[in-house]
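The dialogue takes one feature at a time.

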Amino acid sequence: MTFLDATSTASASERVSLAEPRDFLALLKPRVMSLVVLTAITGLVIAPGHLHPTLAFIAILSIAMGAGASGALNMWYDADIDRLMTRTAQRPVAAGRIAPETALGFGVGLSCLSVMMLGLATNWFAATLLAFTIFFYAVIYTMGLKRRTPQNIVIGGAAGAFPPMIGWAAVTGGVAVESIVLFLIIFLWTPPHFWALALFKLKDYGSAGVPMLPNVAGERATRIQIFVYSLILVPVAVAPWLLGFAGPVYGIAAIVLGANFLRHAYATLKMADGDPRMVPAKKLFAFSIFYLFGLFAILLVEGLVDGMVTTGGL
């Protein structure tokens with residue numbers, strides 16, 4: 001008969017990883033990655049110049065890997081507060097399915113590989129921009145800003161705004177007014193998007209001690225700032241059409257989508273303090289995702305069609 005005491009059982013469980021492939025996929029934050037890929041492809045497609053399709057694929061794969069690496073490093077560092085919030089408690093590191101050191105090694109390895117691949121496939125300016133984006137998200141935002149200031153999302157949001165600039169740089173080797181406008185659209189979109197979430201997840205962030213704006217400045221101040229950022233965002237999102245690097249379809253869509261964004265932001269502004277359901281904030285959060293995907297999807301389609309016309313494909 002074999003006896004297995006409690007100590008040996010605990011030791012065995014510590015040695016055996018509970019992680020499944022889907023846990024490593026979750027470590028990459030695939031939903032965030034999908035937005036990164038869309039915006040990076042858009043920047044790459046509408047940039048002047050040409051990149052061989054194979055190199056373009058490697059470039060987008062590298063940017064996606066860099067985004068995944070950032071997600072893994074974020075989950076490694078934030079595991080202690082992730083397990084205190086209902087929205088993030090089941091993340092693989094917070095739930096104990098992936099060991100912190102595994103997530104750290106995975107994130108660092110993926111970061112190095114993605115930067116090297118992008119540099120070798122395209123140019124080292126784009127690779128440096130990707131490396132800076134990973135550093136910005138993992139170190140400046142996650143380690144430096146997130147737990148210290150209610151402006152964490154405003155400043156940290158820059159990390160999510162860089163992908164279209166990296167896509168553009170992969171083709172041109174630099175930045176331009178057009179790529180900066182794409183950056184600004186995502187940068188200005190980030191605060192209303194995340195502050196809407198923070199309004200109806202206020203208790204979650206409070207439990208974890210994360211100083212999101214509603215916890216620090218109150219709901220009313222947050223709703224006002226959401227509306228102000230929305231007023232700035234909407235005309236900036238129309239700028240690609242006004243500056244001539246997007247077509248009329250994009251222009252009309254940006255105006256219609258922008259009007260709806262402002263409608264949701266205004267409804268959130270008028271929401272009462274302590275509203276138990278926070279329906280307007282939830283609707284704004286959901287619509288903001290559709291809004292950004294819609295803008296960049298139309299820009300991408302217009303860029304592809306324009307490229308086909310230019311090369312005689314249509």
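**Reading the fold**

Q: How many helices and strands are in the protein?

A: Helices (H or I, at least four residues) and strands (E, at least two) are DSSP runs, numbered from the N terminus. The protein has 16 helices and zero strands. This is a predicted model, in which local features need pLDDT of at least 70 and side-chain atom pairs count only at pLDDT 80 or more, while totals for chains, interfaces and linings use all residues. Residues are numbered from 1 along each chain as its sequence is written, and side-chain values use heavy atoms, with hydrogens and water left out.

Q: Which radius of gyration does the protein have?

A: The radius is taken over C-alpha atoms, and the globule rule is 2.2 Å times the number of residues to the power 0.38. For 314 residues a compact globule would have a value near 20 Å, and the protein agrees, with 21 Å.

Q: What span does helix 14 reach?

A: The expected span is 1.5 Å times one less than the number of residues. Helix 14 (residues 219–242) has 24 residues and reaches 35 Å from its first C-alpha to its last, close to the expected 34 Å. G244, with a positive phi near 90°, follows helix 14.

Q: Is R223 buried or exposed?

A: Buried means under 20% relative accessible area, exposed over 50%, and partly exposed in between (1.4 Å probe, protein chains only). R223, found in helix 14, counts as buried because its relative accessibility is 6%. With contact meaning heavy atoms within 4.5 Å, R223 touches L199, T268, L269, M271, A272 and D273, not counting residues up to four places away in sequence.
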